[in-house]
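Subject: Structure for your review

Dear colleague,

I am passing on the structure we talked about, together with notes on what was found in it. Please look at the model first and then read the notes beside it.

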Amino acid sequence: MNVAERVHVMPLGFEHDRIVEPAVEYRADRVILLDWIADDIDRPSYHDDVFADLSAAGIDTERRDCRLFDLYDSIGVIADIVTAEATPDDDADVANEVYVNLATGSKITAIGGMIACMVTGAASPYYVRAERYASGAEPVGYGMELAIDLPTYPMDCPDRQQVAVLDRVVEAGPQSKKGLIRFGADRDLPFIRDCDRPFDAAGKPTKQSYARLRRHVVDPLADRGFVAVESVGTTRQVRATEAGRNARTAFAFLLDG
C-alpha cells in the first residue's frame with residue numbers, strides 16, 4: 001500500500017540547524033537538498049553533518065543540482081520537484097505533501113522557491129527563524145526558534161503550449177509563423193488541435209490557424225516580453241528575448257509528462 005510522504009525541499013546553503021531541526025520537528029519522511037558550491041568556495045565541513053544527522057533521525061535524503069544564485073534555475077528546479085512529488089503515482093492515487101524551506105539558501109533561492117510554490121499551487125513554503133546568528137566559517141544560524149508558514153497566491157504563468165513554443169524558439173532560433181503552425185501540428189498543441197481547418201487542401205496553413213497562433217500563443221508571450229516578432233525579408237519571425245530564455249528555464253517543468 002502506498003502512503004503519502006512528507007517531503008521537504010531545502011537549499012543546502014550555509015546552514016545546519018535550520019535544515020535538520022525543521023525536518024525533525026515536522027516529521028519529514030524525505031528531504032531533497034538543493035546543492036551548489038561555487039568554484040571559489042570550499043564546501044563547509046558541516047554539510048557532512050547535515051546528511052549524517054538527517055540519517056540518524058531516520059530521514060531519507062536526496063541531492064539535486066540547483067544554481068542557488070540563479071533565480072530562474074531555482075524556480076525551475078523547485079517547481080519540477082514540487083510537480084513530480086505532488087503528482088499521484090501511476091499505480092496509486094497518492095500524492096506527497098511537499099514543503100519548501102525558504103530560509104536555508106540565498107535570498108534569490110528564497111524568492112525562486114516562493115514563486116515555484118505559487119505557480120504550481122502544490123507546495124507549502126515556510127521560513128525558519130534561527131535562535132541566534134553567527135558569521136565566518138560556521139553555519140549562518142544556530143537552533144530553531146520558529147518555523148513560519150507563508151501564504152501563497154495564484155500566479156499567472158504561461159500555459160503549456162506557450163512554453164512549448166517558447167522552448168522551440170529558444171532551442172531552434174527565430175521561427176516563422178508558418179513554421180510554428182507546423183510545429184504546433186506535430187506536437188498536437190491546442191491552438192492547432194482545436195482549429196476547425198488548420199490547413200487547406202494544398203497543405204498550407206489557413207488564416208484561421210495563423211489567427212489562433214497569434215491569439216493563443218504569440219500575443220500572450222509578446223505581452224509578457226518573452227518573444228518579439230520581427231520582419232525578416234517577406235516573413236514575420238518570432239524570436240525569444242532574454243526574458244523569454246529565462247522564462248523557458250523557469251517554466252520548463254510544464255513540458256514534463
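**Salt bridges**

A search of the whole structure finds 15 salt bridges, where a salt bridge is a side-chain nitrogen of Lys or Arg within 4 Å of a carboxyl oxygen of Asp or Glu. Please keep in mind that this is a predicted model, in which local features need pLDDT of at least 70 and side-chain atom pairs count only at pLDDT 80 or more, while totals for chains, interfaces and linings use all residues. Residues are numbered from 1 along each chain as its sequence is written, and side-chain values use heavy atoms, with hydrogens and water left out.

One of the salt bridges joins Arg18 to Glu15, with the closest N and O atoms 2.6 Å apart, and both Arg18 and Glu15 are buried (buried means under 20% relative accessible area, exposed over 50%, and partly exposed in between, with a 1.4 Å probe and protein chains only). Asp35 and Arg43 also meet through their side chains in a salt bridge, at 3.1 Å from N to O; Asp35 counts as buried because its relative accessibility is 6%, whereas Arg43, at 39%, counts as partly exposed. The side chains of Asp73 and Arg67 form a salt bridge at 3.8 Å, N to O, and here Asp73 is buried, with a relative accessible area of 12%, while Arg67 is partly exposed, with 40%.

**The chain as a whole**

The protein chain has nine helices and eleven strands; helices (H or I, at least four residues) and strands (E, at least two) are DSSP runs, numbered from the N terminus. Of its 257 residues, 46% count as buried. The protein chain exposes about 13400 Å², of which carbon and sulfur atoms supply 47%, the accessible areas coming from the Shrake-Rupley method with a 1.4 Å probe and, for residues, only the protein chains shown counting as cover. Among contacts between residues at least 6 apart in sequence, 62% join residues at least 24 apart, contact meaning heavy atoms within 4.5 Å.

**Helix pairs**

Two packed helices are described by the angle between their axes and the distance between the axes. Axes are lines fitted to C-alpha atoms, for helices over the stretch in contact, and angles run from 0 to 180 degrees between N-to-C directions.

The axes of helix 1 (residues 17–25) and helix 2 (residues 46–56) come within 10 Å and cross at roughly 10°. That crossing makes helix 1 roughly parallel to helix 2 (angles under 35 degrees count as roughly parallel, over 145 as roughly antiparallel, 65 to 115 as roughly perpendicular and the rest as oblique). Ile19, Val20 and Ala23 of helix 1 make the contact with Val50, Asp53 and Leu54 of helix 2. Buried residues of helix 1 include Ile19, Val20 and Ala23, and also Asp17, Arg18 and Pro22. Just after helix 1, Arg27 takes a positive phi of about 50°.

For helix 3 and helix 9 (residues 242–251), the axes come within 6 Å and cross at roughly 25°, which makes helix 3 roughly parallel to helix 9. On the side of helix 3 the contact is made by Tyr72, Asp73, Ile75 and Gly76, and on the side of helix 9 by Asn246, Ala247, Thr249 and Ala250.

Ala164 is placed in helix 5, and Ala164 is buried, with a relative accessible area of 6%. Not counting residues up to four places away in sequence, Ala164 touches Phe183, Leu189 and Leu255. Ala164 and Arg248 are 84 residues apart in sequence, yet 8.7 Å apart in space, C-alpha to C-alpha.

Val170 also lies in helix 5 (residues 160–172), and, leaving aside its neighbours within four places in sequence, Val170 is in contact with Ala240, Gly244, Arg245 and Arg248. The C-alpha atoms of Val170 and Val227, which are 57 residues apart along the chain, are separated by 9.6 Å.

**A nonpolar patch**

On the surface, Trp36, Phe69 and Ile108 form a nonpolar patch with about 280 Å² of accessible area together. Patches are made of residues with over 30% relative accessible area and no salt bridge, like charges being joined within 9 Å and nonpolar side chains (Val, Leu, Ile, Met, Phe, Trp, Tyr) within 5 Å. Phe69 sits in the loop between strand 3 (60–65) and helix 3 (71–85), and Phe69 counts as exposed because its relative accessibility is 52%.
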